[in-house]
Amino acid sequence: MIFNNETQELLTMVREFVDKEIIPTVGDYERNNEFPEKLLNMACDMGLNQLCIPTEYGGPGLTNVESCAIAEEIARGDIGIATTLIANSLASYPVLVAGNDAQKKLWFDTIKEKKYAAFCLTEPNAGSDAGSVQTTAVEDGDEYVINGTKSFISNGPIAGIYTILASTKKSAGVMGLSAFIVERDRPGVSIGKEEDKMGMRLSCTSEVIFDNVRIPKDHLLGRKNRGFKYILDTLDHSRPGVGAFGVGIAQRAVEEATRYAKQRVQFGQPVANFQMVEEMLANMEIRAQSARQMYLHTAERIDAGLSFTMEAAIAKTAGTDAGMQNAIDGVQVMGGYGYMREYPMEKLMRDAKILQIYEGTNQIQRTVIAGQVKKKYGAKTAKSSAPSAPATPVKKEAPAKTAVTPTPAAKTEENKNALNLLVCIKQVPDTTQIKIDPVKHTLIREGVPAIVSTFDTFALETALRLKDKTGGKVTVITMGIPKAEDALRECLAAGADEAWLITDRVFGGSDTLATSKILSTAITYLEEQTGKPFDIIFCGKQAIDGDTGQVGPEISQHLNRALVSYAVEVTLQDDGTLKCKRESDEGYDYFAVSTGCVITINKTSYDLRYPSFTTKRFARTAEIGQLTSEQVVVAPEERGLNGSPTRVLKTYTPRHEKNGMKIENLDGKAAAEKLTGLLSDAGLL
């Protein structure tokens, strides 16, 4: 299928995260037997642990197609991280299938607070045979008392909440099973043995023990003794996602194998040119693409409200078999190197195997498929079977695409420290893609994409971190042509709340002094319109070549507000003042400054955040405020090409020369004797 632009943007965002953060580091995490908490926290900040949460409960409201495609992208980086994040969706499906509004609110609020959830189905003696579940839930007044041990539970040790299957009527077998919500912090819930796995090592898997755990009766999902039906629905919904995991591994395997085969030379040519290797690479690509279309087709059926049991089983089987076979073939293409831990292929092979086992073995999937085939084609008449009736799956609607204008956060008693923050940004050519004309020695900018200035991204990150701690609102503003909206939307995707563009072409060609006057006038206009002054105006470091002044300090003069320049860290103190860590020639200085100031930010130690699904969607539809010369009234002589009459002289930083002595005009022996004498006099010899 062909994704629409919005879905493609989300996938590109996730792929960039995987390529930059996950793939380069997971090998070290695994070798050091270290849980990838930092990576997972970054992923959670993006909302990758909330793919299944509907918009009405504060989630991104993704379609099943989008969720599965995102699952493939994460699994392409590492199946353990993918399992940790997407296990939330598996655990959530019983709640989506059978939960009421109160249960859904409890469940999704807990995920947003605790980050992870777990689905507790498997037991030591109940794997594919769910009817052998020994965990019991016994009614006792207004409560259920749960006893039993669940095994092989993904996220077991880190989950803040569980969905579990327990027997409420032992004599009825699978027809006596019920589904429940159980919070991790309830007395009697504990973690048992943590498993030491062959693959998928960056996820945590353990026993979860329930010892006389009491839960209120309103934690029963749906109807009593109907839990097995809910679990079957859950597994049907999850299987295309597992298929997507397999495709992620299959895709990564073909990428790594092809890259290696093109570089590895034998008999005077790359092994990629050998016919047998070409055939293997072609088959690997065929498997990946075919299995991808199967899980996407299944997800489309779910979103459309059509039956999908057989398609889900096929998607799971095709995707996970493709992942396993591509990993095997990838090792073969790479030969001995494929077997070594120095290369990622052996890890892909270890990781792929579990996908053919968990959430219903592929042997069980083939049994399901065969059963569906016999139903579909088993009619005695020669007439074609009528289309199967639509099932009633959980249908996750895509969010309405309407423009949203964010409202400022009010400074209530509970939010008295909330800050009203402004960040001045600019759109510049991507310097990594600019080339130099070899004749004219000038920059070639044609075809070079524009991005937010690197320094301004650190200013925005500093503002967003203050907002995270204090609440409030972050506004971004820029001057430029209408295309500069792209830069503003990039800032909204990072977490800004509101954006303004000064796009009137009478301001075109303004130098830095004129630009600072225009921006200062626009800032004053916005403050007058809202009746709320900005507590801090942030700017990025404005110039690196010494040829121009800095807009930030000029704004501080125009607005008569205190200035802190070259800050690398800003924190709000209990007394309402700001503590600024600032770069200096000697290292760092610390300043206390009141709000109502201008701060220019140098590169900070902060890790820049990736957009989340919620902010990315908001950025696509948010209305960008437009300011023209009618609102921003600046005299003609202070704007545009007239700009400022100031002429800026070229400045530079003097080169620091260290004290020393040159030994000259001596032959080697004499120079050595001279040096030895100097070192002896200095007490160094």
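Reader: Where is lysine 169 found?

Author: This is a predicted model. In it, lysine 169 sits in the loop between strand 4 (161–167) and strand 5 (177–183).

Reader: Is lysine 169 buried, partly exposed or exposed?

Author: Read the relative accessibility against the cut-offs. Buried means under 20%, exposed over 50%. Lysine 169 has 43% relative accessibility, so it counts as partly exposed.

Reader: What does lysine 169 touch, not counting residues up to four places away in sequence?

Author: Gly176 and Asn225. Also compare sequence with space. Lysine 169 and alanine 137 are 32 residues apart in sequence, and their C-alpha atoms are 8.7 Å apart.

Reader: Now take lysine 150. Is lysine 150 buried or exposed?

Author: Lysine 150 counts as buried, because its relative accessibility is 0%. It belongs to strand 3 (residues 143–154).

Reader: Which backbone oxygen does the side chain of lysine 150 reach at 2.7 Å?

Author: That of leucine 165. Then look for other partners. The backbone oxygen of leucine 121 is 3.3 Å from a polar atom of the lysine 150 side chain.

Reader: Which residues surround lysine 150 in the contact list?

Author: Leave out residues up to four places away in sequence. Lysine 150 then touches, among others, Cys120, Leu121, Thr122 and Glu123. The list also includes Val133, Thr135, Leu165, Ser206 and Phe210.

Reader: Where does asparagine 420 lie, and is asparagine 420 buried or exposed?

Author: Asparagine 420 is part of strand 11 (residues 419–424). Its relative accessible area is 5%, so it is buried.

Reader: How many residues separate asparagine 420 and proline 533 in sequence?

Author: They are 113 residues apart in sequence, yet 7.4 Å apart in space, C-alpha to C-alpha. Now check the atoms. The asparagine 420 side chain reaches the backbone oxygen of proline 533 at 3.3 Å. Beyond neighbours within four places, asparagine 420 also contacts Lys473, Lys532, Phe534, Asp535 and Ile536.

Reader: How does the protein as a whole divide into helices and strands?

Author: There are 17 helices and 23 strands. Of its 685 residues, 49% count as buried. Consider contacts with a separation of 6 or more. Residues 24 or more positions apart account for 74% of them. The accessible surface is about 33,800 Å², and carbon and sulfur atoms hold 52% of that.

Reader: How do I read a helix? What is the span of helix 7?

Author: Compare the end-to-end distance with the expected one. Helix 7 (residues 227–263) has 37 residues and reaches 54 Å from first C-alpha to last, close to the 54 Å expected at 1.5 Å a residue. Then look for bends. Helix 7 has a kink of about 30 degrees at serine 238, shortly before proline 240.

Reader: How many of the 37 residues of helix 7 are buried?

Author: 29 of them, so helix 7 is largely enclosed by the rest of the structure.

Reader: What about the cores?

Author: Start with the general idea. In soluble globular proteins, nonpolar side chains tend to be buried together. Here the largest nonpolar core has 69 residues. Leu48, Ile70, Ile74, Leu85 and Phe245 have the most contacts inside it. Helix 7 gives the most to this core, with 11 residues. Apart from it lies another core of 38 residues, including Val476, Ala493, Ala494 and Ala567.

Reader: What is isoleucine 70 in contact with, leaving aside its neighbours within four places in sequence?

Author: Leu11, Val14, Leu48, Leu51, Leu62 and Phe613. Phe613 is also among the buried residues of helix 16 (residues 613–621).

Reader: Which helices do the buried residues of helix 16 pack against?

Author: Helix 1 (5–22), helix 3 (37–46), helix 4 (64–77) and helix 13 (485–494).

Reader: How do I read a helix end? Which backbone oxygen does the side chain of threonine 470 reach?

Author: Look back along the helix. An α-helix has 3.6 residues a turn, so residues three or four places apart point the same way. Threonine 470 lies in helix 12 (residues 454–470). Its side chain reaches the backbone oxygen of leucine 466 at 2.8 Å. Threonine 470 counts as buried, because its relative accessibility is 13%.

Reader: And backbone angles? What is phi of tyrosine 566?

Author: Near 60 degrees, a positive value in a residue other than glycine. Tyrosine 566 lies in strand 19 (residues 562–572). Its relative accessible area is 29%, so tyrosine 566 is partly exposed. Asparagine 212 in strand 7 (residues 205–216) has a positive phi too, near 55 degrees.

Terms used: Residues are numbered from 1 along each chain as its sequence is written. This is a predicted model: local features need pLDDT of at least 70, side-chain atom pairs count only at pLDDT 80 or more; totals for chains, interfaces and linings use all residues. Side-chain values use heavy atoms; hydrogens and water are left out. Helices (H or I, at least four residues) and strands (E, at least two) are DSSP runs, numbered from the N terminus. Buried means under 20% relative accessible area, exposed over 50%, partly exposed in between (1.4 Å probe, protein chains only). A polar contact is a pair of N or O atoms within 3.5 Å; within protein, one must be able to donate a hydrogen and the other to accept it, and residues adjacent in sequence count only if both atoms are side-chain atoms. The expected span of a helix is 1.5 Å times one less than its number of residues. The bend at a residue is the angle between axes fitted to the seven residues ending there and the seven starting there. A nonpolar core is a set of buried Ala, Val, Leu, Ile, Met, Phe, Trp, Tyr and Cys residues joined through side-chain atoms within 4.5 Å. Contact means heavy atoms within 4.5 Å. Accessible areas come from the Shrake-Rupley method with a 1.4 Å probe; for residues, only the protein chains shown count as cover.
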